Amino acid sequence: SGLSQEAGSVEQLSLHCAEGSLEWLYPTGALRLRLAPRLPPTSAAVKGRSPPRVTACIKPSATFRGAQLYLEREGGLELLLPEAPRPHARCFSWLPHEKVALFLQATPQPDISRRIAAFRYELRGDWLARPALPSASLGSEGACRPCNDTEILMAICTSDFVIRGSIRSVSNDAELQESIIGVSATRIHRQKFPLFQAGGRPGRPVGSIRTPLRCGVRPGPGSFLFTGWLHFGEAWLSCAPRYRDFQRIYRGAQRTHQNPCEFPVD
(Lines give C-alpha, C1' and ligand atoms only; values in the text may rest on other atoms or scores of the structure.)
Protein backbone atom coordinates (compact mmCIF):
# COMPACT_ATOMS: atom_id res chain seq x y z
CA SER A 1 0.00 0.00 0.00
CA GLY A 2 1.20 3.48 -0.88
CA LEU A 3 -0.27 4.72 2.42
CA SER A 4 2.87 3.40 4.12
CA GLN A 5 5.21 5.20 1.69
CA GLU A 6 6.52 8.73 1.83
CA ALA A 7 5.71 10.97 -1.11
CA GLY A 8 8.58 10.85 -3.60
CA SER A 9 10.09 7.67 -2.18
CA VAL A 10 11.06 4.67 -4.34
CA GLU A 11 10.54 1.16 -2.95
CA GLN A 12 12.85 -1.56 -4.36
CA LEU A 13 11.51 -5.07 -5.06
CA SER A 14 12.77 -8.11 -7.01
CA LEU A 15 10.62 -10.45 -9.11
CA HIS A 16 12.14 -13.93 -9.24
CA CYS A 17 9.13 -16.17 -9.88
CA ALA A 18 8.21 -17.40 -13.37
CA GLU A 19 4.80 -15.79 -12.95
CA GLY A 20 2.89 -13.80 -10.41
CA SER A 21 0.98 -10.61 -9.76
CA LEU A 22 1.42 -7.25 -8.08
CA GLU A 23 -1.26 -5.06 -6.53
CA TRP A 24 -0.40 -1.55 -5.36
CA LEU A 25 -3.13 0.23 -3.41
CA TYR A 26 -3.21 4.04 -3.13
CA PRO A 27 -0.07 4.46 -5.29
CA THR A 28 2.38 7.00 -3.87
CA GLY A 29 5.93 7.67 -5.00
CA ALA A 30 7.25 4.78 -7.07
CA LEU A 31 8.14 1.09 -7.09
CA ARG A 32 11.25 -0.21 -8.85
CA LEU A 33 10.87 -3.89 -9.72
CA ARG A 34 14.07 -5.70 -10.65
CA LEU A 35 13.45 -8.60 -13.07
CA ALA A 36 15.59 -11.58 -12.08
CA PRO A 37 13.86 -14.81 -13.12
CA ARG A 38 15.32 -18.13 -11.97
CA LEU A 39 15.84 -19.75 -15.36
CA PRO A 40 15.89 -23.55 -15.74
CA PRO A 41 19.16 -25.27 -16.70
CA THR A 42 17.88 -25.75 -20.26
CA SER A 43 17.99 -21.99 -20.70
CA ALA A 44 21.77 -21.91 -20.33
CA ALA A 45 23.66 -20.95 -23.45
CA VAL A 46 25.15 -23.73 -25.57
CA LYS A 47 28.90 -23.35 -26.02
CA GLY A 48 29.68 -21.38 -29.16
CA ARG A 49 26.18 -19.92 -29.44
CA SER A 50 24.80 -16.62 -28.26
CA PRO A 51 22.84 -16.85 -24.98
CA PRO A 52 19.05 -17.15 -25.24
CA ARG A 53 16.99 -14.06 -24.57
CA VAL A 54 14.72 -13.73 -21.56
CA THR A 55 11.14 -12.62 -22.16
CA ALA A 56 8.63 -10.93 -19.87
CA CYS A 57 4.95 -10.22 -20.44
CA ILE A 58 2.85 -7.80 -18.41
CA LYS A 59 -0.96 -7.79 -18.42
CA PRO A 60 -2.73 -4.97 -16.54
CA SER A 61 -5.94 -5.53 -14.63
CA ALA A 62 -9.11 -4.04 -16.06
CA THR A 63 -9.11 -1.54 -13.17
CA PHE A 64 -5.45 -0.43 -13.42
CA ARG A 65 -5.44 3.15 -12.07
CA GLY A 66 -3.19 5.59 -10.27
CA ALA A 67 0.19 4.83 -11.86
CA GLN A 68 2.14 4.37 -15.07
CA LEU A 69 4.52 1.49 -15.76
CA TYR A 70 7.87 1.99 -17.51
CA LEU A 71 10.55 -0.39 -18.73
CA GLU A 72 13.95 0.72 -17.42
CA ARG A 73 16.81 -0.43 -19.64
CA GLU A 74 20.33 0.96 -20.21
CA GLY A 75 19.46 4.06 -18.17
CA GLY A 76 16.41 4.92 -20.30
CA LEU A 77 12.67 4.62 -19.65
CA GLU A 78 10.07 3.30 -22.10
CA LEU A 79 6.36 3.62 -21.30
CA LEU A 80 4.72 0.18 -21.17
CA LEU A 81 1.39 0.93 -19.51
CA PRO A 82 -0.20 4.38 -19.26
CA GLU A 83 -2.78 5.07 -16.59
CA ALA A 84 -6.05 3.25 -17.37
CA PRO A 85 -4.52 1.09 -20.16
CA ARG A 86 -6.37 -1.35 -22.38
CA PRO A 87 -6.18 -4.85 -20.86
CA HIS A 88 -3.66 -6.12 -23.39
CA ALA A 89 -0.45 -7.98 -22.61
CA ARG A 90 2.81 -6.17 -23.37
CA CYS A 91 5.95 -8.27 -23.90
CA PHE A 92 9.63 -7.46 -24.18
CA SER A 93 12.91 -9.35 -24.09
CA TRP A 94 16.52 -8.89 -23.04
CA LEU A 95 19.81 -10.78 -22.84
CA PRO A 96 20.69 -12.41 -19.48
CA HIS A 97 23.63 -10.04 -18.89
CA GLU A 98 21.46 -6.92 -19.39
CA LYS A 99 20.06 -5.11 -16.37
CA VAL A 100 16.35 -4.40 -16.73
CA ALA A 101 13.68 -3.30 -14.30
CA LEU A 102 10.10 -2.09 -14.20
CA PHE A 103 9.48 1.39 -12.83
CA LEU A 104 5.94 1.86 -11.52
CA GLN A 105 5.38 5.57 -10.88
CA ALA A 106 2.32 6.98 -9.15
CA THR A 107 0.49 9.74 -10.99
CA PRO A 108 -0.50 12.88 -9.03
CA GLN A 109 -4.07 12.70 -7.73
CA PRO A 110 -6.27 15.53 -6.41
CA ASP A 111 -7.82 13.31 -3.74
CA ILE A 112 -7.16 10.12 -1.80
CA SER A 113 -9.87 8.01 -3.45
CA ARG A 114 -9.10 4.34 -3.74
CA ARG A 115 -6.96 3.42 -6.77
CA ILE A 116 -5.21 0.16 -7.50
CA ALA A 117 -2.34 -0.35 -9.95
CA ALA A 118 -2.41 -4.12 -10.47
CA PHE A 119 -0.96 -6.40 -13.12
CA ARG A 120 0.04 -9.99 -13.76
CA TYR A 121 3.44 -10.92 -15.11
CA GLU A 122 5.21 -13.88 -16.67
CA LEU A 123 8.98 -14.32 -16.97
CA ARG A 124 10.30 -16.95 -19.37
CA GLY A 125 13.62 -17.94 -20.83
CA ASP A 126 12.57 -19.60 -24.06
CA TRP A 127 9.52 -17.89 -25.60
CA LEU A 128 11.44 -16.37 -28.49
CA ALA A 129 12.59 -19.84 -29.55
CA ARG A 130 9.03 -21.12 -29.88
CA PRO A 131 7.32 -21.39 -33.27
CA ALA A 132 4.35 -19.25 -32.24
CA LEU A 133 4.40 -16.20 -30.03
CA PRO A 134 1.56 -15.25 -27.68
CA SER A 135 1.73 -11.50 -28.24
CA ALA A 136 2.13 -9.34 -31.31
CA SER A 137 4.51 -7.11 -29.39
CA LEU A 138 7.07 -9.93 -29.35
CA GLY A 139 7.40 -9.71 -33.11
CA SER A 140 5.54 -11.18 -36.04
CA GLU A 141 8.20 -13.32 -37.69
CA GLY A 142 7.19 -16.96 -37.51
CA ALA A 143 4.00 -16.41 -35.52
CA CYS A 144 1.76 -17.57 -38.41
CA ARG A 145 4.23 -19.78 -40.27
CA PRO A 146 3.37 -23.50 -40.34
CA CYS A 147 5.73 -25.55 -38.18
CA ASN A 148 8.37 -27.63 -39.91
CA ASP A 149 8.90 -31.32 -39.07
CA THR A 150 11.53 -30.63 -36.39
CA GLU A 151 9.33 -28.06 -34.66
CA ILE A 152 6.36 -30.44 -34.66
CA LEU A 153 8.45 -33.23 -33.09
CA MET A 154 9.74 -30.86 -30.40
CA ALA A 155 6.26 -29.43 -29.78
CA ILE A 156 4.79 -32.80 -28.79
CA CYS A 157 7.59 -33.23 -26.24
CA THR A 158 7.72 -29.77 -24.67
CA SER A 159 4.34 -28.03 -25.08
CA ASP A 160 2.03 -27.20 -22.19
CA PHE A 161 -0.78 -29.04 -23.97
CA VAL A 162 -1.02 -31.66 -26.72
CA ILE A 163 -4.60 -32.30 -27.85
CA ARG A 164 -5.92 -34.41 -30.72
CA GLY A 165 -9.23 -33.09 -31.96
CA SER A 166 -11.25 -31.16 -34.50
CA ILE A 167 -12.20 -27.50 -34.96
CA ARG A 168 -15.75 -26.71 -33.84
CA SER A 169 -15.70 -22.97 -34.48
CA VAL A 170 -13.48 -19.92 -35.01
CA SER A 171 -14.42 -16.50 -33.64
CA ASN A 172 -12.46 -13.26 -33.95
CA ASP A 173 -11.91 -10.55 -31.34
CA ALA A 174 -10.98 -7.39 -33.23
CA GLU A 175 -10.21 -5.40 -30.05
CA LEU A 176 -7.74 -7.94 -28.69
CA GLN A 177 -6.56 -8.89 -32.21
CA GLU A 178 -7.06 -12.56 -31.38
CA SER A 179 -8.82 -15.53 -32.97
CA ILE A 180 -10.41 -18.06 -30.61
CA ILE A 181 -10.51 -21.62 -31.96
CA GLY A 182 -13.17 -23.84 -30.41
CA VAL A 183 -11.81 -27.39 -30.26
CA SER A 184 -13.53 -30.71 -29.62
CA ALA A 185 -10.94 -33.15 -28.24
CA THR A 186 -10.85 -36.83 -29.16
CA ARG A 187 -7.77 -37.47 -27.02
CA ILE A 188 -5.92 -35.40 -24.43
CA HIS A 189 -2.27 -36.40 -24.52
CA ARG A 190 -1.14 -33.68 -22.10
CA GLN A 191 -2.44 -30.52 -20.46
CA LYS A 192 -0.78 -28.78 -17.52
CA PHE A 193 -4.11 -27.39 -16.36
CA PRO A 194 -7.68 -28.52 -17.14
CA LEU A 195 -8.04 -26.43 -20.30
CA PHE A 196 -10.27 -29.01 -21.95
CA GLN A 197 -13.23 -30.28 -19.97
CA ALA A 198 -16.41 -32.24 -20.63
CA GLY A 199 -19.15 -30.20 -22.23
CA GLY A 200 -19.46 -31.27 -25.84
CA ARG A 201 -20.63 -34.57 -27.29
CA PRO A 202 -20.55 -37.53 -24.86
CA GLY A 203 -16.92 -38.27 -24.02
CA ARG A 204 -15.65 -35.25 -25.98
CA PRO A 205 -13.96 -32.56 -23.86
CA VAL A 206 -14.07 -29.08 -25.36
CA GLY A 207 -11.90 -26.01 -24.97
CA SER A 208 -10.55 -22.98 -26.78
CA ILE A 209 -7.12 -22.09 -28.18
CA ARG A 210 -6.02 -18.58 -29.14
CA THR A 211 -3.85 -17.35 -31.99
CA PRO A 212 -3.09 -13.88 -33.43
CA LEU A 213 -5.93 -12.55 -35.58
CA ARG A 214 -3.51 -11.72 -38.39
CA CYS A 215 -2.88 -15.46 -38.89
CA GLY A 216 -6.33 -15.74 -40.48
CA VAL A 217 -7.33 -19.11 -38.98
CA ARG A 218 -10.43 -20.60 -40.58
CA PRO A 219 -12.53 -23.63 -39.61
CA GLY A 220 -11.78 -26.80 -41.55
CA PRO A 221 -12.65 -30.49 -41.46
CA GLY A 222 -10.41 -33.29 -40.28
CA SER A 223 -8.42 -34.29 -37.20
CA PHE A 224 -5.55 -32.13 -35.95
CA LEU A 225 -2.88 -32.40 -33.28
CA PHE A 226 -3.01 -29.09 -31.39
CA THR A 227 0.04 -28.07 -29.35
CA GLY A 228 0.86 -24.85 -27.58
CA TRP A 229 1.54 -22.86 -24.43
CA LEU A 230 -0.24 -21.28 -21.52
CA HIS A 231 -0.17 -17.48 -21.47
CA PHE A 232 -1.89 -15.80 -18.52
CA GLY A 233 -4.04 -18.89 -18.03
CA GLU A 234 -5.12 -19.13 -21.68
CA ALA A 235 -4.09 -21.69 -24.30
CA TRP A 236 -2.09 -20.29 -27.24
CA LEU A 237 -1.46 -22.25 -30.41
CA SER A 238 2.01 -23.34 -31.46
CA CYS A 239 1.90 -26.21 -33.98
CA ALA A 240 -1.28 -27.81 -35.31
CA PRO A 241 -0.53 -30.36 -38.05
CA ARG A 242 -3.24 -32.56 -39.47
CA TYR A 243 -3.09 -35.80 -37.54
CA ARG A 244 -2.31 -37.92 -40.59
CA ASP A 245 0.64 -35.63 -41.40
CA PHE A 246 1.88 -35.91 -37.82
CA GLN A 247 1.71 -39.73 -38.03
CA ARG A 248 3.85 -39.68 -41.17
CA ILE A 249 6.40 -37.29 -39.63
CA TYR A 250 6.66 -39.19 -36.35
CA ARG A 251 6.97 -42.64 -37.91
CA GLY A 252 9.65 -41.35 -40.27
CA ALA A 253 11.59 -39.99 -37.28
CA GLN A 254 11.18 -43.30 -35.48
CA ARG A 255 12.71 -45.21 -38.38
CA THR A 256 15.78 -42.96 -38.34
CA HIS A 257 15.88 -42.76 -34.51
CA GLN A 258 15.44 -38.98 -34.59
CA ASN A 259 12.27 -38.67 -32.50
CA PRO A 260 13.15 -36.56 -29.43
CA CYS A 261 10.61 -38.34 -27.22
CA GLU A 262 8.21 -41.30 -27.32
CA PHE A 263 4.65 -40.49 -28.30
CA PRO A 264 1.64 -42.79 -28.77
CA VAL A 265 0.56 -42.99 -32.42
CA ASP A 266 -2.58 -44.83 -33.49
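Predicted model: local features only at pLDDT ≥ 70, side-chain atom pairs only at ≥ 80, totals over all residues.

Biologist: Which cysteine does cysteine 57 join?

Modeller: Cysteine 57 is joined to cysteine 91, with an S to S distance of 1.9 Å. Cysteine 57 belongs to strand β4 (residues 54-60) and cysteine 91 to strand β7 (residues 90-94), so this link ties together parts that are 34 residues apart in sequence. Helices (H or I, at least four residues) and strands (E, at least two) are DSSP runs, numbered from the N terminus. The torsion about the S-S bond of this pair is about 105°, so the disulfide is right-handed.

Biologist: Are cysteine 57 and cysteine 91 buried or exposed?

Modeller: Buried means under 20% relative accessible area, exposed over 50%, and partly exposed in between (1.4 Å probe, protein chains only). Cysteine 57 has 0% relative accessibility and therefore counts as buried. Cysteine 91 is buried as well, with a relative accessible area of 5%.

Biologist: What is the handedness of the link between cysteine 147 and cysteine 239?

Modeller: The link of cysteine 147 and cysteine 239 is left-handed, with -90° about the S-S bond. Cysteine 147 sits in the loop between β9 (116-124) and α1, and cysteine 239 in the loop between β15 (234-237) and α2, so the pair ties together parts that are 92 residues apart in sequence. The sulfur atoms of this pair are 2.0 Å apart, and both cysteines are buried.

Biologist: Where do cysteine 157 and cysteine 261 lie?

Modeller: A disulfide joins these two cysteines, S to S 2.0 Å. Cysteine 157 is in helix α1 and cysteine 261 in the segment after α2, so the link ties together parts that are 104 residues apart in sequence. The torsion about the S-S bond of cysteine 157 and cysteine 261 is about -90°, so this disulfide is left-handed. At 24% relative accessibility, cysteine 157 counts as partly exposed.

Biologist: How many helices and strands does the protein have?

Modeller: The protein has two helices and 15 strands. Of its 266 residues, 43% count as buried. Contact means heavy atoms within 4.5 Å. Among the contacts in the protein with a separation of 6 or more, residues 24 or more positions apart account for 65%.

Biologist: What span should helix α2 have?

Modeller: The expected span of a helix is 1.5 Å times one less than its number of residues. For the 13 residues of helix α2 (residues 243-255) that gives 18 Å, and the end C-alpha atoms are 18 Å apart, which agrees.

Biologist: Which residues of α2 are buried, and what covers them?

Modeller: The buried residues of α2 are Tyr243, Phe246, Gln247, Ile249, Tyr250 and Ala253. Their cover includes α1 (149-158), β10 (161-173) and β14 (224-231). Leaving aside neighbours within four places in sequence, phenylalanine 246 is in contact with Ile152, Ile156, Leu225, Pro241, Phe263 and Val265. Phenylalanine 246 and leucine 225 are 21 residues apart in sequence and 7.5 Å apart in space, C-alpha to C-alpha.

How values were computed. Residues numbered from 1 in each chain as written. Heavy atoms only, no water. Disulfide = S-S within 2.5 Å.
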